[in-house]
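This note sets out a few points on the structure shown below.

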There are 2 protein chains.
Amino acid sequence: MAEQEPTRQRVLDAAGELFYSRGIQTVGMDAVRNASGVPLKRLYALFPSKDALVLEFLRQRDAQWLRALAGHVDAQPTPEERITAVFDWLYAWFSEPGYRGCAFINSFGELGAVSPQVAEQARHHKQAFHAYLTDLVEAAGRPAELAGRLALLAEGAIVTAALFATPEPARQARDAAHALLHTP
Amino acid sequence: MAEQEPTRQRVLDAAGELFYSRGIQTVGMDAVRNASGVPLKRLYALFPSKDALVLEFLRQRDAQWLRALAGHVDAQPTPEERITAVFDWLYAWFSEPGYRGCAFINSFGELGAVSPQVAEQARHHKQAFHAYLTDLVEAAGRPAELAGRLALLAEGAIVTAALFATPEPARQARDAAHALLHTP
DNA sequence: AGTCACCGAGAACGTTCGTTCTCGCTTTGT
DNA sequence: ACAAAGCGAGAACGAACGTTCTCGGTGACT
C-alpha cells in the first residue's frame, strides 16, 4: 500500500516522457506499459482511462515546470536580475537533450480543439506563468504591461527553440527583454 | 481534365479547414470525403496517401499565409509602418472566427517528432517568415537582430491568442515592437 | 441501340488502439 | 499444507482508421 504511490509516479514519469517526446496520440497505452513496466491491469487501476492519465501528466508538469523556473529565478538577489534569470533558465531548458517545446502548447495544438480539459490545462499553465511574471515585474517596480510583453517573448522563444532545435532564441529573448527593461 | 484541378483544390480546402480546426490525427479520410464531397477513390487518385495530403496542405498554407501577410504589409507607405502593420495583420488574423493558432506550430507539436517532413515544413514556414521580417527590418535601416526579436513577439502572440481565444496579444506585441523600434 | 470504359457510393480489409478478460502462478492466512 | 485471493502477462474485443475493392449505374463512342 505504501508501494502504490511509487508505481503511480513511475507510470506518470514514463508516460510523461513518451507524451512529451512523441506527442500524445502517437503513444499507445502499450507503450506506457512497456516503458513503465506496469501491467495494463494496474495502469487502469491507477488511472481510469488514457484521458485521465494525460490530464494528470499535464497537472504534474505544470507544477514541476513552474517550480523549476522559480527555483532558479528566486535565487537571484535583485528584481532586475530575477527577470533576466527567467530567460537564462529558458536557455538551460532549451539546451536539455530531447527538448521539444512546451508540453502545453503541443497538447493544445494536438487536442485543444477536441478536449476542453486539455485546453483548460494549457490555459491554466500559461496563466500561472503570466502571473509569475507579473509578480516579478511588480517587484521590480516596472509598469504592469511589461509582464505581457515578457511573456510573449518567452512563448515565442519556447516555440522557436523547439522548431529549430537550438537554445539561441532564449538569448534573443533575453536581449529583447533587456531592451524593454532599460527603455520605458 | 480541366475539371480536375478544381476538385483537387476543393479537397485541399476542405481537408485544410478540418486539419486546422480539429488537428490532423483527429480528422479521418472519411471526414475529408464528407466535407469535400469527393469520393474516396478520387481522393486517393489525387493524393497517394493521407500523409501526402497533409504535406500538400502545409505547402499551400505556407504560401497563402505569407501572401496574405505581405499583401497587407506591403501596402503601407513607410518601412516603419510596414513593420507595425505586421502586428495589425496579426490582430485581424487572430480575430477571424475559428482562429486556432499557427497550423505549423500545431502540426509540429502533433507530428513533428514522428514525421520529419512535417517538421521540415514547419521550419521552412518559420524561416520564410523570419526572412520576410529581416527584409522589413533591413529596409527600415534597423539593426538585423531586431528581426529575430520581432519574430519572437509574433510567435508568442500567435500562440497566446490561440490559447486564450483573444486577439489582444497582437496589440501587446505591437506595443512591444514599437518600444523596441523606438529605443535602440 | 449496344458495348464498354469509367465513376460514385459505400462495403470490405487489415491494422492499430483503448479497454477488458483469462489464465496460471504467487502469496497470504489459518 | 491448503484454500482463497491477488496479480502479471498477454490474449481478446470492439471501435476507428487508412486504404482498397465491388457493384451498379451512367455516359461516350460506333
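1. Surroundings of DNA strand D. This is a predicted model. Residues from chains A and B surround DNA strand D: A:Arg33, A:Pro39, A:Lys41 and A:Arg42, together with B:Val27, B:Gly28, B:Met29, B:Leu40, B:Lys41, B:Tyr44, B:Ser49 and B:Lys50. By residue type, this surface comprises five nonpolar, two polar and five charged residues.

2. Sugar, phosphate and bases. Among the atoms of DNA strand D within 4 Å of the protein, 56% are part of sugar or phosphate, and the rest are part of bases.

3. Individual polar contacts. In the side chain of A:Lys41, an N or O atom is 2.9 Å from a base oxygen of DNA strand D. Phosphate oxygens are also approached: one lies 2.8 Å from a polar side-chain atom of A:Arg42, and one is 2.8 Å from an N or O atom in the side chain of B:Tyr44. Two or more residues of the surface near DNA strand D are contributed by α3 (40-46) of chain A and likewise by α3 (40-46) of chain B. The largest share, three residues, belongs to α3(B).

4. Length of helix α8 of chain A.

5. Burial and end of α8(A). This helix is mostly covered, with 18 of its 20 residues buried. A:Ala165 follows α8(A) and has a positive phi, near 50 degrees.

Key: Residues numbered from 1 in each chain as written. Chains lettered and ligands numbered in written order. Predicted model: local features only at pLDDT ≥ 70, side-chain atom pairs only at ≥ 80, totals over all residues. Heavy atoms only, no water. Buried < 20%, exposed > 50% of the residue type's maximum accessible area, 1.4 Å probe, protein only. Helix = DSSP H or I, 4+ residues; strand = E, 2+ residues; numbered from the N terminus. Near = heavy atom within 4 Å. Polar contact = N/O pair within 3.5 Å; in protein donor to acceptor, adjacent residues only side chain to side chain. Nonpolar A, V, L, I, M, F, W, Y, C, P; charged D, E, K, R; others polar.
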